[in-house]
Amino acid sequence: MPRDRRAALAPGARLPSPPAMKPYVAYEQLEPLEKLEEPPALARKYSRCVLLVGILVTILSCLLFIHLFSVWLGSAPPGGRGSVRTVGSSCRDPCWIVLVESIPEGMTYSGDGPVNPSTFDTWMSLIGSAKQSLDIAAFYWTMTNEDTHTQEPSAAQGEQILEELLELPKSGVSVRVAVNTPSSKSPLHDLQALEQSGAAVRAVDMHRLTSGVLHTKLWIVDSTHLYIGSANMDWRSLTQVKELGVAVYNCSCLAQDLSKVFEAYWALGIPNASIPVPWPDNYSTTFNMETPLELRLNETGASVYFSSAPPALCAPGRTEDLHALLSVIDAAKEFVHIAVMSYQPTMEFSHPQRFWPVIDNHLRKAVYERKVQVRLLVGCWRHSKAAMFPFLKSLAALADNKTHYSMEVRLFVVPASAAQAKIPYARVNHNKYMVTEKVAYIGTSNWSGDYFVRTAGSALVVNESEDRASGTDTVRGQLQAVFERDWSSQYSTDIDNVEQWQRMCSFH
């Protein structure tokens, strides 16, 4: 693919100094000195030299102070979209956060469950708000019927999204796309159309870099708004696959921190790029599990940070995604509710096979030691791997009548008509989130070892301190409502009946 005309981001590049920032200098007021006689000419020259040297030293000191102060604030890396407006570890932006869902066509809920904005409407809104820039990181692109060789009417929403994206460069919006290097079988039509429209596209060879893929799904608009969640750049993610993500508006503090994750992908999209060790300081962040960003989301106090995977892509200060996930489980005192497409305590794509019980152990420990209620809702479809189900049944077996441990596992099956069953790689619950009595965790990864050790992914972690005290409708509360709706719906079934899940997960 043609390389972007912008200069490549050089490892070790230094941060630019913020143009509007000036150091505070306090001058001591001195008592007036006695008037001296006028010095001779040589002395006057010497005095001028001393004065010039003093001025030069002062200027250099100020420049050094500005540089160090800007690094401390964690300003955006070269090629980024601005600097974060924060004071210490707090944010003054009027941030607004919204849960976003794709509910597959033909799938309806009984009762009065939550109804959230659609992924399609959210993406259209983000495109419409773009005035300067739009950055998208994605696993792959297939937004049209042409790519999937189908004549499915529900592809219209994806095609409309692509059409709107192709118009952005014409209106002066800078569009950048970081995508996993397409395989020989991957469709290229969308990416070629984007390049022809004036968008910059970089393919990131994660297989060469980490033996994984770029699995992240995120949008950043004008360094102010963002989307992160489970939805791929695929028309099926809008109408045929159940997805969940989150949109955050008017929040440059968060958007610009997530931009640092995107900038890492962008840098690695240069041909023959290598992962810097360590990452330059301008990719670092001060917002993490230990020191989250303090801000108000929907007028509710919250502590927030982004995690990232794999460890090799985590710049200084960035919490590894696995550590973030485990910390949420370990901090729970009442319940841990998880919805994910696939769950396996293995390195799912490794050869030879490798057992990887890291997450599994923490869930069992929570149930056994702290008596935490764990509910695991797993997607079930024709592509579910048979090896997953014995592990799920093993977890469910913790809850027997003698122990009273609260561990439940259910399977979620998206219904399909005869016509819908023919759509390839559709009709599945693709969610990737977790909610506890304290925290909302919304990610982009399935729950097996490869996704946290080798594959590029990210997650938003939100702890809303005022949630229970005020009763405010927080994103944590909204996410819990979504889980409870799905858990108790007609599309959810207990894993105990082996024959039932074998029958329900197959459309044949």
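Reply:

**Disulfides and helix contacts**

The chain holds 15 helices and 21 strands. The model is predicted, and the values below are computed from it. Of its 508 residues, 54% count as buried. Among contacts with a separation of 6 or more, 79% are between residues 24 or more positions apart.

The disulfides come first, as you requested. A disulfide is a covalent bond between the sulfur atoms of two cysteines. With a cut-off of 2.5 Å between cysteine sulfur atoms, the count comes to two disulfides.

One of them is formed by Cys91 and Cys253, whose sulfur atoms lie 1.9 Å apart. This pair links distant parts of the chain, since Cys91 belongs to strand S2 (residues 90-91) and Cys253 to helix H8 (residues 252-268), 162 residues apart. The torsion about the S-S bond of Cys91 and Cys253 is about 80°, and the disulfide is therefore right-handed. Both Cys91 and Cys253 are buried.

The other joins Cys95 to Cys251, with an S to S distance of 2.1 Å. Cys95 is found in the loop between S2 and strand S3 (96-102), and Cys251 in the loop between strand S11 (243-249) and H8, so this pair ties together parts that are 156 residues apart in sequence. About the S-S bond of Cys95 and Cys251 the torsion is about 70°, which makes this disulfide right-handed. As to burial, the threshold is under 20% relative accessible area. Cys95 has a relative accessible area of 2% and is therefore buried. Cys251, at 0%, is buried because its value also falls under that threshold. A further cysteine, Cys314, has 14% relative accessibility and so counts as buried.

The axes of helix H4 (residues 156-167) and helix H5 (residues 189-197) come within 8 Å and cross at roughly 25°. Angles under 35 degrees count as roughly parallel, so H4 and H5 are roughly parallel to each other. On the H4 side the contact is made by Leu162, Leu165 and Leu166, and on the H5 side by Asp190, Ala193, Leu194 and Ser197. By class, this contact of H4 with H5 has five nonpolar, one polar and one charged residues.

A second pair is formed by helix H9 (residues 321-331) and helix H10 (residues 358-370), whose axes come within 10 Å and cross at roughly 10°. That angle makes H9 roughly parallel to H10. The crossing of H9 and H10 is right-handed. From H9, the residues Leu322, Leu325, Leu326, Ile329 and Asp330 meet Val358, Ile359, His362, Leu363, Ala366 and Arg370 of H10. Sorted by class, the contact of H9 with H10 has eight nonpolar, one polar and two charged residues.

Definitions and conventions:
Residues are numbered from 1 along each chain as its sequence is written. This is a predicted model: local features need pLDDT of at least 70, side-chain atom pairs count only at pLDDT 80 or more; totals for chains, interfaces and linings use all residues. Side-chain values use heavy atoms; hydrogens and water are left out. Axes are lines fitted to C-alpha atoms, for helices over the stretch in contact, and angles run from 0 to 180 degrees between N-to-C directions. Helices (H or I, at least four residues) and strands (E, at least two) are DSSP runs, numbered from the N terminus. Angles under 35 degrees count as roughly parallel, over 145 as roughly antiparallel, 65 to 115 as roughly perpendicular and the rest as oblique. A crossing is left-handed if the near helix is turned anticlockwise from the far one by less than a right angle, and right-handed if clockwise. Contact means heavy atoms within 4.5 Å. Ala, Val, Leu, Ile, Met, Phe, Trp, Tyr, Cys and Pro count as nonpolar, Asp, Glu, Lys and Arg as charged, and the others, Gly among them, as polar. Buried means under 20% relative accessible area, exposed over 50%, partly exposed in between (1.4 Å probe, protein chains only).
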